[in-house]
Amino acid sequence: MSDACFFAKKPLVTAALGTFDGTLTTIRAFERGAEGKPNPTYRCLFPEPPPPGTVPACAEAGVLGALAGVVGSLMALEVIREIVGFGEGLVGRLLMIDARAMRFETLRYGWDPANPLNGEKPTIRDLSVHK
């Protein structure tokens, strides 16, 4: 999805849930940041998918419904923020939610020049790699 949004020049607000944790970020990799570097892609944050079988599906591990509601509400707020343009969005920042400790933390991540999508020598030029 992130690659498709890159080529379509559309932002992507994306989130993930674990049993007791969640993450949220915004990808605007088709733009450049204030310092002139390209914004990071999803591939900058997660260069490789996890090996098959290492991440249990929600049906196997379970997810707290309330946590899904919190993360979904935060996603909706981030989409509204993207549309209206207020505040500092989550481009280049990963919001991490720990429901066990009731803690929110933010991790900064940046553009990877070796990224195959928008790095210095991109090798992904269209969506045909996803066939």
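Tutor: Happy to; what follows is a walk along helix H4 and what it packs against. First, the ground rules: this is a predicted model, in which local features need pLDDT of at least 70, side-chain atom pairs count only at pLDDT 80 or more, and totals for chains, interfaces and linings use all residues. Residues are numbered from 1 along each chain as its sequence is written, and side-chain values use heavy atoms, leaving out hydrogens and water.

Helices (H or I, at least four residues) and strands (E, at least two) are DSSP runs, numbered from the N terminus. H4 covers residues 65–84.

Now for its two sides. Buried means under 20% relative accessible area, exposed over 50%, and partly exposed in between, with a 1.4 Å probe and protein chains only. Leu-67, Val-71, Glu-78, Arg-81 and Glu-82 are the buried residues of H4. Looking down the helix axis, they fall within an arc of 100°, so they line one face; the arc is taken from the directions from the axis to the C-beta atoms. Turned away from that side are the exposed Gly-65, Ala-66, Ile-83 and Val-84.

What does the buried side of H4 pack against? Its partners are strands S1 (12–17), S2 (21–27) and S3 (93–98), where contact means heavy atoms within 4.5 Å. Finally, Gly-85 follows H4, with a positive phi near 85°.

How values were computed
Expected span 1.5 Å × (residues − 1).
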